[in-house]
Amino acid sequence: MKAIVHMLSAVFLVGCLSMSVRAQVTVTRTATLMGSRFEFTVIEKDSMLAQERIAEAMAEVSRIENLISEWQPHTQISEVNRHAGIRAVQVDREVFDLTARAIQFSKLTHGAFDISIAAMDHIWRFDDTMEALPTAEAIKKSVEKVGFQDIILDSVACTIFLSKLGMKIGFGSIGKGYAADKCRTLMKMKGVVGGIINASGDIATWGNQQHGEAWLIGLRNPFKQHKMVKRLKMRERAVATSGTYEKYVEFEGKRYAHIINPKTGYPSTGLVSVTIYGPSAEFANGLSTSIMVMGVKAGKKVLRKFPHYKGIFITDDGKVLR
């Protein structure tokens with residue numbers, strides 16, 4: 001059986017418990033983690049062992065969420081946010097390193113990527129509770145709290161300090177990709193020969209399907225749902241898509257999408273989706289989010305710096321750029 005993950009709609013088709021001549025099984029299980037739909041597929045010797053491995057992967061995602069979620073009050077990132085403008089907070093090295101990589105991404109993209117944009121979560125809401133557009137004044141004030149330059153890291157003390165009162169950081173842009181990468185590493189360490197971690201569209205694969213074929217990832221066109229832009233054959237690879245077609249609000253016939261430009265405080269325009277594929281889901285997600293903000297020309301320029309990654313852009317007028 002060929003397994004196909006349809007990106008953009010996250011439809012995942014794979015045979016559960018299908019047997020092979022080598023007495024392997026393919027098991028798929030879904031769960032809601034990090035506030036999103038995760039799908040775990042592993043190839044193991046038997047179904048009981050496969051379920052055990054999936055449970056371990058789910059526990060890994062929960063562990064990461066309990067470190068970096070800005071929505072749960074007990075996490076280290078919530079502690080950092082509570083002490084913005086007050087004092088530095090010591091965190092685990094894993095949290096420190098993830099934050100440091102995010103800041104490097106901000107520097108690389110000249111601020112198109114910025115984890116401190118989390119400070120704007122009370123200005124733009126895409127959960128059906130937004131009744132009116134935020135005022136220009138509200139957006140201006142909120143942007144004043146955004147700026148990766150004001151995230152102060154101390155590597156020796158392993159601390160994070162947000163230098164302005166009201167600042168906030170969050171990993172909604174790369175957290176699920178990071179979790180997918182970490183789960184893949186864990187599963188390989190446990191001896192799982194192949195599988196897919198689908199973190200709500202941030203996908204990490206390894207090995208082959210049961211019968212030796214590569215995993216197939218189908219990229220759908222949001223303007224033509226019945227057509228695929230491309231099918232990716234993936235083994236040790238990752239893919240992430242950022243888009244404006246699913247999470248948005250509309251006022252007076254105009255659509256405002258959830259990907260916000262950190263510099264202006266307004267939703268990005270010009271691109272309806274960006275898909276990046278390469279070795280790491282975390283990095284691919286960071287690139288896709290950044291390019292949505294940067295636009296086609298600047299996005300291509302950044303992507304050329306990373307030859308191990310490739311991209312597919314779809315513009316607001318439906319043009320597909322490979």
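Predicted model: local features only at pLDDT ≥ 70, side-chain atom pairs only at ≥ 80, totals over all residues.
**The H1 and H3 pair**

Start with helix H1, which covers residues 47–68, and helix H3, which covers residues 93–108. Their axes come within 10 Å and cross at roughly 75°. That angle falls in the 65 to 115 degree range, so H1 is roughly perpendicular to H3.

Who touches whom here? On the H1 side you'll find Arg63, Ile64, Leu67 and Ile68, and they meet Glu94, Val95 and Leu98 of H3. Sorted by class, this contact of H1 with H3 has five nonpolar residues and two charged ones, with no polar residues.

Now for a pair of single residues, with their accessibilities side by side.

| Residue | Relative accessibility | Class |
|---|---|---|
| Thr241 | 16% | buried |
| Met189 | 64% | exposed |

Thr241 sits in strand E12, which runs over residues 238–243. Its 16% is under the 20% cut-off, which is why Thr241 counts as buried. What does the side chain of Thr241 pair up with? The side chain of Thr275 is the partner, and the two are joined by a polar contact of 2.7 Å.

Met189 belongs to helix H5, residues 175–189. With a relative accessibility of 64%, over the 50% cut-off, Met189 is classed as exposed. There's also a distance to check in your viewer: Met189 and Ala136 are 53 residues apart along the chain, and 51 Å separates their C-alpha atoms.

Definitions and conventions
Residues numbered from 1 in each chain as written. Heavy atoms only, no water. Axes fitted to C-alpha atoms, helices over the stretch in contact; angles between N-to-C directions. Helix = DSSP H or I, 4+ residues; strand = E, 2+ residues; numbered from the N terminus. Parallel < 35°, antiparallel > 145°, perpendicular 65-115°, else oblique. Contact = heavy atoms within 4.5 Å. Nonpolar A, V, L, I, M, F, W, Y, C, P; charged D, E, K, R; others polar. Buried < 20%, exposed > 50% of the residue type's maximum accessible area, 1.4 Å probe, protein only. Polar contact = N/O pair within 3.5 Å; in protein donor to acceptor, adjacent residues only side chain to side chain.
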